[in-house]
Amino acid sequence: FKMIKPYIDNNTSVLDIGSNAGMITAKLAEEGVFAIGIEVKPDVVADAREYHEERNNLAFINSRVSLETLPALPQFDVVLLLSVYHQWYEAYGEETAKEMLSLLARKTNQRLFFEAAGQKSKYGDSDLPFTDFDENTIVDYNLKFLNQLLSDGFEITYLGPSPRRKNATGERYVFMCECIE
């Protein structure tokens, strides 16, 4: 949250794909942001709705984001895709995951925040051209990947490794894809 909040104005709209328990989504709403979290697990959505104070600027939706559902999503100022892409990659394959990310990026008016896993096994692909847990090779791979995929209209910036929960294995790496059109 601390890494991305400086880039999100209070009077903006945020779509959090894979919002999980909604901690980031709810923190943004507390700051005045209109925030919607989408999560695939119905029990997690129910918990998020119960746990977080009801607000007019906060909602949690139970839905599976897919190639078929992405076009129906409205535009948002900011889109969060934190620790989700590698799940798409493993579930749908590389090409479909890329297409989904490209479509999602076109749903933002300002910025897309992308958090990449630092372990090949998270993607289910041992042939990815980076070394597990090696920040330099992971950042180089993702900068190249994001710049190629989003070459038109986005400037890609590496923000740094994301803080992890206690006892969590591996790092995650956060990138900001900023609209320049």
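How many bridges join strand 4 to strand 5, and in which sense do the two strands run? The two strands run parallel and are joined by 6 bridges. The model is predicted, so that local features need pLDDT of at least 70 and side-chain atom pairs count only at pLDDT 80 or more, while totals for chains, interfaces and linings use all residues. Residues are numbered from 1 along each chain as its sequence is written, and side-chain values use heavy atoms, with hydrogens and water left out.

Helices (H or I, at least four residues) and strands (E, at least two) are DSSP runs, numbered from the N terminus; two strands pair if DSSP finds at least two bridges between them. Strand 4 (residues 76-82) also pairs with strand 1 (residues 13-17), in the parallel sense, over 4 bridges. Val79 in strand 4 is the bridge partner of Leu15, and Glu115 in strand 5 is that of Leu82.

The largest nonpolar core has 37 residues. Such a core is a set of buried Ala, Val, Leu, Ile, Met, Phe, Trp, Tyr and Cys residues joined through side-chain atoms within 4.5 Å. Ile17, Leu81, Tyr85 and Trp88 have the most contacts inside the largest core. Contacts of Trp88 (heavy atoms within 4.5 Å), not counting residues up to four places away in sequence, include Ile17, Val65, Leu81 and Met100. A second, separate core of 18 residues includes Ala26, Phe60, Leu80 and Phe113.

In helix 6 (residues 135-149), the end C-alpha atoms are 21 Å apart, which agrees with the 21 Å that its 15 residues should span at 1.5 Å a residue (the expected span is 1.5 Å times one less than the number of residues). Ile138, Val139, Tyr141, Asn142, Phe145 and Leu146 of helix 6 are buried. They lie on the same side of helix 6, because they cover an arc of only 165 degrees around the axis, taken from the directions from the helix axis to the C-beta atoms. Asn136, Asp140, Lys144 and Gln148, on the other side, are exposed. Among the elements against which the buried residues of helix 6 pack are helix 3 (85-92), strand 5 (108-117) and helix 5.

Helix 5 (residues 120-123) contains Lys122, which counts as partly exposed because its relative accessibility is 31%. Not counting residues up to four places away in sequence, Lys122 touches His86, Glu90, Ala117 and Arg172.

Terms used
Buried means under 20% relative accessible area, exposed over 50%, partly exposed in between (1.4 Å probe, protein chains only).
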